[in-house]
Amino acid sequence: MPFTLIESVTGFMTLILASAGLLALLEEKVGRRFFSLVPAVVVLYFMILCAATLSVWQASPAIDQAYKATKTSLLPAMIFLMMVQADLRIIAKLGPRLLLTFLAASTSIVMAIIVVYMLTKNWLPEHSWQTFAALAGSWLGGTGNMVAVQGIFSINEDAMGYALLVDSIDYAVWVFILLALTPHATKFNRWSGADSERLSQVAAQLDEQRIAPANGASLLFWLGCGALVSTSAISLGQLLPTNMFFNSTAWQVVIATGLGLIAAQTPLKRLGGDRELSKLMLFMLIALIASRGSIANIGQAPLFILSGLLILLLHAIVMLILAKLFKLDLFTCGVASLANIGGVASAPILAASYSRSLIPVGILMALLGYIVGTAGGILIGNLLPAI
């Protein structure tokens, strides 16, 4: 039987903040091995989803208003903070070969999503394009991009739940496969005809950015910057022209992204605290989105999970063809793929399995995903409904 424990806005927001903080702490301090397989944001989503299903809080106009206001304000601030480490000058040091491989991986994922949607849409629920659009945001960038796409298209909470399930389960399978292939890199490179010396040269050119540890002053500074960017982006987004393909939320994301990239070209990127704060905002946004869903409405998850695996299969086939045609090594293909699908959380891990000197390559390629992820999600979100 449903029961109600919370009836006030304060109680609702306390639950959101406490849940987000608890899962962030557990991921950081306790269960890293577990959370490497099941991301903490997914656990958080389904924890709040269960609470919503059980009516732990009493829905009211005041809580609805708090939900909308908080979600609207957090999204541009989070996008801005995500971009602070994406220094385009350093990313350019990867060289054209690695950058083109990353973009080829992104393109193959987009193509695979379109093909799989066309093959499966008759068996999936109505508006299943929303799940694929959200998934595109994540598999081209990260969970933050997924949340941005959700806001732009007003993707319903059930579709978001499917996307998070696919992102979690199929992503774990893909990480396992890529890590299992690492010992076979020599054989793969011999088959593709790759010259692995290029990697050593690139790794030698890349210096890891020295970022100060977060402290109270830096966190407060970035909180203020995030609030300023959010307020400015929301105000400007409401003034700029919109159409059926590009609404005010999309403008807010674009403005926040641009301001973040500008900040990334300044010494502020070494201040520290931006990553920690953007992660907290991401967790809060995920919890807020989950608060509007119901676990009773995700019965078709197996079909979406199967669709995700099919997307990965088509993506892998394209990457194998490109490796043979352009003599790409296994490291470049694997990290380019995981920088899209896994983002900053996993691309450096795969890079480290080859050599610790290659970790910066994984980090920078994943940061590039933050830049293209939202754009890819917008592209998919506009294309699929027209199919």
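The crossing of helices α6 and α15 is right-handed, the near helix being turned clockwise from the far one by less than a right angle. The model is predicted, with local features requiring pLDDT of at least 70, side-chain atom pairs counted only at pLDDT 80 or more, and totals for chains, interfaces and linings using all residues. Residues are numbered from 1 along each chain as its sequence is written, and side-chain values use heavy atoms, without hydrogens and water.

Helix α6 spans residues 95-120 and helix α15 residues 301-326; their axes come within 8 Å and cross at roughly 140°. Helices are DSSP runs of H or I with at least four residues, numbered from the N terminus. Axes are lines fitted to C-alpha atoms over the stretch in contact, and angles run from 0 to 180 degrees between N-to-C directions. The two helices are therefore oblique to each other, a class left over once angles under 35 degrees (roughly parallel), over 145 (roughly antiparallel) and 65 to 115 (roughly perpendicular) are assigned. Residues of α6 in contact with α15 include R97, T101, A104 and S108, and those contributed by α15 include S307, L310, H315 and F326; contact means heavy atoms within 4.5 Å. By class, this contact has 15 nonpolar, five polar and one charged residues.

The largest nonpolar core has 126 residues, of which Y45, M78, F80, F132 and V147 touch the most other members. Such a core is a set of buried Ala, Val, Leu, Ile, Met, Phe, Trp, Tyr and Cys residues joined through side-chain atoms within 4.5 Å. Beyond its neighbours within four places in sequence, M78 is in contact with G144, V147, S278, M281, L282 and L285.

Most residues other than glycine have a negative phi. S154, in the loop between α8 (143-153) and α9 (157-181), has a positive phi of about 50° and is exposed, at 58% relative accessible area. K327, in the loop between α15 and α16 (330-341), has a positive phi of about 55°.

Key: Ala, Val, Leu, Ile, Met, Phe, Trp, Tyr, Cys and Pro count as nonpolar, Asp, Glu, Lys and Arg as charged, and the others, Gly among them, as polar. Buried means under 20% relative accessible area, exposed over 50%, partly exposed in between (1.4 Å probe, protein chains only).
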